[in-house]
Amino acid sequence: MMHLLTSPEAWAALLTLTSLEIVLGIDNVIFLSVIVSRIPEPRAQRARQIGLALALVFRIILLSVLVWLIGLTAPVFSFAGYGFAWRDLILIGGGLFLIAKATHEIHAEVEVDDGEENDQSGGSAFFWVIVQIIVIDIVFSLDSIITAIGMAQDIEIMIAAVVIACLIMYISSGPVARFVAEHPTTKMLALAFLVLIGVALVADGFKFHIPRGYIYFAIAFSAAVEFFNVLAKSNRKKASQPSV
């Protein structure tokens, strides 16, 4: 352990891997912010805490079973000339889940709900939110940890990077969730991002890799446009108020 603390290469690997884990965690934060917006704030905060704690636990557990995890990339069956591993099947299933969930949420936002949401704000809704968080945490954790294995050699560095990334995700998830809840158009944009991420996961499962740089650039560009839209709306609201 001491040689890692005094090794410049280890610190460089930790910095690089932590940055990558944070970038990969953007998907998880977006999903978490959207999914908890359907329940009241006290329960939403607890759901965020549970969800991110589970994300950390899943990542550490997966890191502890590296041999089994590496085996997930070995093909288990072939179809139409393509070999599919368990990792591919999990990515496809998780991507389809994201697409279906985001589509359902978009439909709920567009249609008039006539108070349906209030009926779903009890314990059953909280339990269903936690179940969905667990499912998507497993998918994102798998992709994140396989990336970590490919970038670092020491499990101590991997665990440290994962812990730091999850702490940053926890700090940022609250403000992101509140911002999404306060601005409906931003929530619709976040749901569109989930569809995009789901398509990317399905494509990865079918061996067609979409460079994440394209996806994150699209997210950053759209978020910047939405930021100016929210700013302009706020300025118009202030201008319309009568001066004292």
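Helices (H or I, at least four residues) and strands (E, at least two) are DSSP runs, numbered from the N terminus. By that rule the chain has ten helices and two strands. The model is predicted: local features need pLDDT of at least 70, side-chain atom pairs count only at pLDDT 80 or more, and totals for chains, interfaces and linings use all residues. Residues are numbered from 1 along each chain as its sequence is written, and side-chain values use heavy atoms, with hydrogens and water left out.

**Overall architecture**

- Along the sequence, the elements follow the pattern α-α-α-α-β-β-α-α-α-α-α-α.
- Of the 244 residues of the chain, 39% count as buried, where buried means under 20% relative accessible area, exposed means over 50%, and partly exposed lies in between (1.4 Å probe, protein chains only).
- Contact means heavy atoms within 4.5 Å; among contacts between residues at least 6 apart in sequence, 82% join residues at least 24 apart.
- The chain exposes about 13300 Å², of which carbon and sulfur atoms supply 70%. Accessible areas come from the Shrake-Rupley method with a 1.4 Å probe, and for residues only the protein chains shown count as cover.

**Nonpolar cores**

- A nonpolar core is a set of buried Ala, Val, Leu, Ile, Met, Phe, Trp, Tyr and Cys residues joined through side-chain atoms within 4.5 Å.
- The largest such core has 34 residues, and V36, L98 and L194 have the most contacts inside it.
- Helices α2 (8–35), α3 (41–64), α5, α7 (123–151), α8 (155–182), α9 and α10 each supply at least two residues of this core; α7 gives the most, with eight residues.
- Not counting residues up to four places away in sequence, L98 touches F31, I136, F140, L194, I197, G198 and L201.
- A second, separate core of ten residues includes L14, L62, L63 and I145.
- In soluble globular proteins, nonpolar side chains tend to be buried together.

**The K207–D88 salt bridge**

- A salt bridge is a side-chain nitrogen of Lys or Arg within 4 Å of a carboxyl oxygen of Asp or Glu, and by this rule the count comes to one.
- The side chains of K207 and D88 form this salt bridge, at 2.6 Å from N to O. The pair links distant parts of the chain, 119 residues apart: K207 is in the loop between α9 (184–205) and α10 (212–240), and D88 is in helix α5.
- D88 counts as buried because its relative accessible area is 2%, whereas K207 counts as partly exposed because its relative accessibility is 44%.
- Leaving aside neighbours within four places in sequence, D88 is in contact with G83, D204, G205 and K207. Helix α5 itself covers residues 86–110.
- Side chains of opposite charge can pair when their charged atoms come close.

**Surface nonpolar patch**

- V76, F77, F79 and W86 form a nonpolar patch on the surface, with about 450 Å² of accessible area together. Patches are made of residues with over 30% relative accessible area and no salt bridge; like charges are joined within 9 Å, and nonpolar side chains (Val, Leu, Ile, Met, Phe, Trp, Tyr) within 5 Å.
- Strand β1 (residues 75–79) gives the most to the patch, with three residues.
- F77 is found in strand β1 and is partly exposed, because its relative accessible area is 38%.

**Helix α10**

- The 29 residues of α10 should span 42 Å at 1.5 Å a residue, and its end C-alpha atoms are 42 Å apart, which agrees. The expected span is 1.5 Å times one less than the number of residues.
- R212, I215, Y216, I219, E226 and V230 are buried in α10.
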